[in-house]
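Open the model in a viewer and keep the selection panel at hand. The stops below run from a single residue pair out to whole chains and back.

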Amino acid sequence: MRITALAVASLALVLTACGSSETVTPEPEGSASVQPVSVTDARNKKVDLKAPATKVVALEWGVVEGLVTLGVMPVGIADTKGYNNWVTAAKLDPSVKDVGTRGESSVDAIVALNPDLIITTTDEAPNTIAQLEKAVPVLVIRGSDAKNAIPQMKTNLDLVAQAVGKTDTAKTVLADFDKALAEGKQKITAAGKTGELFTMSDGYKQGSTVSLRMYTTGSLLGAVATELGLKNGWTGAGDKDYGLAPTDIEGLTKIPNGNFLYIANKNDGGDVFGEDLSKNAIWKNLPFVKSNDVHRLPDGIWMFGGPKSTEQFIDAAVEAVTS
Amino acid sequence: MTLLKPAAAQTAVPVAQPVRRIRVAGVFLLTIAAVVVLAGVHLTQGTSSIGAGDLLRLAIGQGTDDAASVLVASRLPRLLAGALVGVALGVAGAGLQSLARNPLASPDTLGVNAGAYLAVVVFAAFGISLPTLPAGGVAFLGGLAAAVLVLALSAGGTSGPTRLILAGSAIAMALAGFTTLLLVLYQEETVGTFAWGSGSLVQTDLDAVTQMAPIVALGIIAAILLAPKLDILALGDDTASVLGVNVRRTRMVITLVTVMLSAAAVTVAGPVGFVGLVAPVIVRLIAPLVPGLMRHRVLLPLSGLAGVIVVLGADVVLRLALGGKAGVEIPTGIVTMLVGAIVLVWLARRYRDSGPSRTASGSTRGRLRSRRTFVIVAGVLVVLVIGAAIVAMLAGDAWLRTGDITNWVSGRSGRAITFVLDQRFPRVVSALLCGAALAIAGATVQAVCRNPLAEPGILGITGGAGVGALLTLILAPAAGVWLLSGSAAVAALATFALVYAISWRGGLSSDRLVLIGVGVSAAATAVITFLIVYSDPWNVAMAMTWLSGSTYGRTLPQVVPVAIALVVLTPFLVHARRELDLLSLDDDVPRILGVRLERTRLFALLCSALLTAAAVSAIGVLGFVGLVAPHAARALVGGKHARVLPVAALLGAALVSFADSIGRTVIAPAQIPAGLVTSMIGAPYFVYLLWRTRRAS
């Protein structure tokens with residue numbers, strides 16, 4: 001009954017020329033992926049798809065990275081320019097459409113792409129999700145969980161993989177990630193740096209004011225560094241999702257000696273640590289600045305990304321600490 | 001012009017009193033002592049563990065490097081920035097108040113801060129990172145332009161406090177709209193300037209302070225040199241001319257000096273709210289106890305010191321209450337704005353009703369128009385609203401065709417178009433209904449306040465509703481439509497009750513109502529900013545909705561309360577149309593004709609508060625519609641409310657709907673909140689309105 005209805009519907013779509021022919025073309029990878037998919041998302045809601053999604057719109061960059069990693073190029077994402085600046089681990093095709101800002105994406109633009117699935121995070125307003133859901137199935141993942149950062153990242157990739165029928169690829173990706181983490185840990189051990197203190201931060205300048213964000217052990221990068229065998233020098237608490245703690249330059253005096261890692265972006269915001277703070281007396285007097293243990297990680301490692309961004313961080317962090 | 005006299009007399013009298021040098025010196029000493037104590041406490045606060053003990057050891061030469069660097073690179077810059085901003089704004093405020101002969105003039109109420117801030121953001125938006133000095137120059141030009149405009153519109157401030165405040169707050173609102181627009185458009189370039197926009201004292205070096213300090217010093221010296229002329233100017237323009245003061249030139253110079261001071265403050269810390277208003281008021285408060293304080297040579301520096309006390313005090317209290325971390329996250333300007341708003345309300349309450357001068361507004365009540373005009377106008381507007389609705393359904397990332405809509409209505413449209421129209425429809429409906437609701441509320445408020453420049457936003461009702469809805473949203477993120485609308489309504493009514501109660505002084509003066517409303521709505525804005533920054537600093541979308549009004553992500557159930565409010569409340573107001581006509585005349589006519597004045601007034605205001613609350617909970621805080629639509633309606637069809645109400649409703653609906661269509665289209669796929677577009681349409685009209693009535697009076 002349902003199958004007949006679907007067949008009629010898809011036929012009708014083709015006949016009325018509203019759907020494009022691509023939707024009907026079966027996945028070249030094989031017949032296994034045409035099975036219906038049912039995923040339970042972060043809202044505990046079952047998202048049913050008649051087939052694994054191939055035309056996906058993603059509204060948060062971590063999801064985009066996951067999709068590209070799994071070999072599914074999204075048809076549209078929020079803020080392509082920002083993504084290209086901040087996420088280098090998984091490059092976008094130029095064909096990917098911009099669907100507006102991450103805060104207020106355009107439902108028109110999304111629907112115009114005729115996607116089979118939209119993936120967003122629990123940070124999105126429930127109203128927006130409800131509205132999108134009327135148009136297209138929406139998979140909602142939890143952006144991050146400060147109590148459970150690494151497993152959350154893995155769960156998110158798994159959820160995305162289930163929805164696009166790439167669970168096998170996801171297994172490989174996550175195995176690679178675990179391997180990278182283990183190798184990183186080994187390198188740290190080999191260099192005799194286990195238990196070494198580190199801190200991780202990023203910063204923005206507004207007017208003559210610099211605001212800094214510290215990555216607590218609850219943050220994804222903080223958790224990864226802990227796994228590597230390093231010890232987070234920032235002991236204060238962060239927010240419950242992303243594990244970030246805002247502070248100012250004075251707040252840095254609470255950090256004991258150790259490696260200070262930070263991320264900046266030359267295309268967006270510049271380097272507040274290397275430029276704005278470099279003349280500051282507190283900065284110059286900080287133990288890790290005096291001992292030359294400040295490391296700017298390469299631009300374009302997304303701090304809230306998936307396995308690939310995080311692997312980039314592992315490499316950069318190991319390099320910084322053991323150098 | 002009657003308004004000019006009490007203000008002039010108020011400042012003139014103390015000048016005639018003998019100066020008690022010892023007492024004046026005593027006041028100075030006490031103030032300086034207070035500044036020193038506050039500065040001391042201020043230095044002990046911060047995000048590091050450096051406390052009073054470390055600083056004391058440092059003072060006797062036994063401190064650590066850590067303590068020394070924290071003191072030099074964080075604590076002192078913040079302290080000096082606060083002191084500089086305080087002194088500059090204090091002196092500027094005192095100067096502007098004397099210039100305008102108006103105790104409510106200040107860098108905020110004259111739009112100087114908003115203008116300076118906009119100028120700074122314009123440069124940031126185009127990716128031009130200016131060094132401090134040129135940034136100060138840019139801020140100066142922006143502030144000056146805003147001040148000149150507001151002063152011109154309010155006849156140099158001498159036309160009375162209400163007009164000055166209305167002109168200033170409307171211009172400031174419009175400028176803030178443009179600023180927010182730039183922040184939305186150039187998010188990458190202007191990261192987080194949102195918090196800074198409320199005045200933050202976080203400093204990483206002394207650059208800004210050291211570069212601006214000479215300018216502030218120059219400004220203060222110039223102001224003090226001008227002090228004797230200001231004393232004479234206080235006696236009135238004619239007297240001053242007779243005594244040999246070049247009034248025009250003096251006014252011009254003092255405007256330049258005060259704007260320069262405010263611009264320097266904005267360059268250092270962003271717009272720190274209402275310090276320029278509060279500081280001179282504090283001095284005026286103690287003036288009756290100490291003869292001679294009102295002489296400008298004393299008043300100006302003392303106001304500067306009072307400014308320092310206000311800024312440092314706000315900062316100290318903020319960090320005492322919420323901890324050192326809060327000093328990083330929460331802009332100090334929010335606290336000073338709250339304090340300032342309270343002072344504004346207090347001042348407004350003291351403000352004496354100036355009686356018969358209010359009839360001046362008669363010229364804006366609109367000429368009598370024939371019934372035929374009304375029918376034609378209404379007909380045209382109905383077509384316009386239908387047109388607006390159709391355009392709104394068509395407009396977006398991709399323009400649809402009318403055939404798509406007919407297909408959609410008859411359920412024959414394709415998948416994509418069905419979805420697009422399904423999600424556009426609630427946005428279009430909410431824009432239309434909220435526009436109508438705000439316009440009706442505005443028409444009612446204007447009639448009751450007998451002031452063509454009043455609106456629900458200016459009475460604080462809109463802001464109050466915003467605080468209520470936002471608070472609910474933060475405490476219960478999953479709150480349903482009814483809880484949200486309900487809490488917005490309760491908060492709107494409570495705010496309105498508060499405004500009404502404070503304004504009541506053995507009777508209701510509409511001018512006092514407006515002034516107190518402006519104060520309360522400023523306080524509401526401060527609270528909204530605080531709630532957003534404190535609960536979710538990175539949530540720009542939330543900030544947009546609650547500070548500018550947006551239809552983003554609306555669903556039909558959210559629009560239902562607005563529809564119900566319109567259906568239930570409008571008949572009451574239509575029924576009361578004759579009373580509204582009478583109320584907008586004066587107090588006596590309705591009484592003579594047996595209208596129960598206070599009851600009708602309260603009832604009408606209650607209806608508009610509820611309409612506003614419904615609209616705010618659906619679309620956020622949306623300005624200017626309640627102001628512009630009723631006024632345009634009066635201009636089109638005359639002052640009879642039987643005609644004003646429907647025409648205003650149609651105009652409001654069309655205005656918001658067009659604004660929303662524009663906002664969803666021009667920078668697609670990104671979008672501009674509808675409220676910013678209405679500010680940009682509404683503000684020029686409002687300026688025109690003020691300009692015209694300026695000539696009329």
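Start by selecting Glu250(A) and Arg75(B), which form a salt bridge with their closest N and O atoms 2.4 Å apart. A salt bridge here is a side-chain nitrogen of Lys or Arg within 4 Å of a carboxyl oxygen of Asp or Glu. The pair joins two chains, because Glu250(A) lies in the loop between β11 and β12 (259-263) of chain A, and Arg75(B) in helix α4 (residues 65-100) of chain B. Helices (H or I, at least four residues) and strands (E, at least two) are DSSP runs, numbered from the N terminus. Both Glu250(A) and Arg75(B) are buried; buried means under 20% relative accessible area, exposed over 50%, and partly exposed in between (1.4 Å probe, protein chains only).

A note on conventions: this is a predicted model, in which local features need pLDDT of at least 70 and side-chain atom pairs count only at pLDDT 80 or more, while totals for chains, interfaces and linings use all residues. Residues are numbered from 1 along each chain as its sequence is written, chains are lettered from A and ligands numbered from 1 in the order in which they are written, and side-chain values use heavy atoms, with hydrogens and water left out.

Next, select the contact between the chains (heavy atoms within 4.5 Å). Chain A brings 50 residues to it and chain B 53. The area buried between them is about 4400 Å², with 51% from carbon and sulfur atoms; buried area is the accessible area (1.4 Å probe) that two parts lose on being put together, summed over both. Glu104(A), Asp108(A) and Glu250(A) supply 16% of the area that chain A buries against chain B, more than any other three residues. How many salt bridges are counted between chain A and chain B? The count is 2.

Move to chain B and select Asp54(B) and Arg57(B), a salt bridge with its closest N and O atoms 3.4 Å apart. They are 3 residues apart in helix α3 (residues 52-59) of chain B, so about one helical turn separates them. Asp54(B) is partly exposed at 23% relative accessible area, as is Arg57(B) at 42%.

Now show all of chain B: 29 helices and 0 strands. Buried residues make up 61% of its 697 residues.

Finish on helix α6 (residues 149-164) of chain A, which has 16 residues and reaches 23 Å from first C-alpha to last, close to the 22 Å expected at 1.5 Å times one less than its number of residues. Its buried residues include Ile150(A), Met153(A) and Leu157(A). Gly165(A) follows, with a positive phi near 70°.
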